[in-house]
Amino acid sequence: MKTNNANLKNLAEEIKSRPILTRYLTPANKRGYVCIGCGNGSGDDGTGADVNDDETRLLCGKCQKGFSNIDVIANHLGISTTGKDFFNVVKFGCQEFGLPFVDSDETATIEKFDKLEESQESLANFVNNQGGKWRGLSLETLQRGNAGFLPDVYFSAAGKKLPAIVIPNDLGGVYFRSIQGKFHKNNKPMATTTVFLPASDSFDLIITEGQINALSILQAVPNPKFGVMACSGTSGENNILAKLKELDSQGKNFRVILAFDFDSNGAGQNAAVNVLKSLYKAGYTACTINITKTDDFDLNDVLRSNNGISKLAKMLDDSIKFVKDEFERIAVEENKKILGKSDADIFPSAFENSLALTARFADRKTGFDNLDKEMVFLPGIYIIGGLPSLGKTTFALQLLEQAAQQGEHCFFCSFEMSENFLHAKRIARRVYQLESNDGLDTVDKPLTATNILTNKFFNHKDNFNDVLESLHNENIPFYIWELDEVDIDKLLARIGKICSTLERPPIVCIDYLQLLACNNEQTKAGIDTILRKLKTFQRSTDTTFIIVSSLNRLNYNNEISFESFKESGGIEYTADVMWGLQFLLTPDEERTTKTLSKAKQENPRKIQLKCLKNRFGANFDVGFTYFSAVDYFKPLSECNYLEFTEPATKNETKKTAEF
């Protein structure tokens, strides 16, 4: 073989003009790369060779030499840049930079094959000398695939010229398959090879990896009702789509059957999955089949076995029957996407199964007995809003901890408060419950979260230690995530991984909604997008979200309502349940700045939770005593709550409520 021909030299010059392949160089310890000539830069204190300004040469200050990509590739391959090695260096460089590699010998080969009659005459002589068949393929079948024969095709993998079967593709490229050994190669342009298309404009199209397998199908079924095509290897995804679009333009109506090899290394099926995804994305109806139902045993292997033609014909017949059923199933599924499920799909089993799933949450509790009497705590999106400092975060934190005490996996996602501060709030509440007999007794200077963080325990140190020990021993599935990055997609991905590990989906609190949307210039658009993503995720996983929301300033002094919530449109329509926290006033009191300021000064405060929306039942309202200093919400009894909410005339005969 000539290695100094003009084509190889031109390719080499093109490779030299490209940026140096630094990934094949060793970085020097201090700067640059280890010189491939003298080794400069390999020492502990040495600096290496540098890439020049246009990045096409490696220059060494020590040996004063320059190196191109040809030198870098030769060094990487461990060969020289002369003789036959030069051919391999150039070929490697073409692969690296996506250059079309056609050496002089291959050009001569294609020119020979262009004389089709001559190569097919050689094919007839070759097949006849083989006893009328080659690899189970008759001369007639090979000729239907426009195959030819050449006695002297160079295969670089073999390092020599070998006789080969030559098959053209749909764009004029050529596939070479050696007679001796398993050597093969494709010459560009790469494309599909259409072996057979029915006269009908409506058909199923079987696509194999290689041309020999495609011709094997035609040998077993000479006049099939389906089309047969090869994609020239597992990397032919784009070639397939290009050919299918061409058939589309001709008015063909077809469905695609991928019959790729089932190799033990998984290459064929991995390729089939990628192609299938591309076909679905492009709108084609497609499926995959394993015709031989055996790994590492392709269609041509079947053809060359005993009674191979009848075996392969039977396999193809069985596969086509399977494909018809599969395509019918796909059609039914596609129709359901358009029409939705019918009663026959739903009743009775699907509906009963869904009820069984819902029943899993029938015993779920919030831990607030007054709230649990009014509602069922099913999976959904719960929005909780209230005035600043009214206890929204504290209420949600306590609810999640109480749910976790019952075995629910709970995750509190905080964008505002630190993890330590939230844990300090939990501890302060527990210490107060311990010391006050659950809020019935007075505690002098109760321990607060701020006290804990500043290490001021006064006379509460023993109880503080007891609470820490109690939390350690309980070890409930309650987790606080202190988050800095505002990214709903990453957050949902993290929660999704959690869902995949749990038998029962978690309860997740997000504190708070407006902070999660703060990276969007248009807050309303950001909130709407986030809520849609949360709802889609929630429905697919049965996760329960409790989302803290701020209120509209214009409604601070008004009775809480839908209008009180910031950007209320998306919140109102997406939420399954909407809770509003507000100061609990008597019916005779008006909500003015003065009355609200007075209510805020009370210790403890009286708080009303008002359910504005409830997809799972009727709206309601309940009351709480809020010990704000120690971050504790205690439910009001029904009697005590009615004392505030009913007109005074109705309560004259009732026992005075005690808080």
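R426 forms a salt bridge (a side-chain nitrogen of Lys or Arg within 4 Å of a carboxyl oxygen of Asp or Glu) with E401, the closest N and O atoms being 3.0 Å apart. Because R426 lies in helix α16 (residues 419-435) and E401 in helix α15 (residues 392-404), the pair ties together parts that are 25 residues apart in sequence; helices are DSSP runs of H or I with at least four residues, strands runs of E with at least two, numbered from the N terminus. The model is predicted, with local features requiring pLDDT of at least 70 and side-chain atom pairs pLDDT 80 or more, whereas totals for chains, interfaces and linings use all residues. Residues are numbered from 1 along each chain as its sequence is written, and side-chain values use heavy atoms, without hydrogens and water.

E401 also meets R429 in a salt bridge, at 2.4 Å from N to O. E401 is buried at 1% relative accessibility, as is R429 at 5% (buried, under 20% relative accessible area; exposed, over 50%; partly exposed, in between; 1.4 Å probe, protein chains only). E401, R426, R429, R430 and E474 are linked in a network of salt bridges, and the structure holds 27 salt bridges.

Just after α11, G340 takes a positive phi of about 90 degrees.

Zero disulfides (cysteine sulfur pairs within 2.5 Å) are found in the whole structure; the sulfur nearest to that of C60, in C63, is 3.6 Å away.
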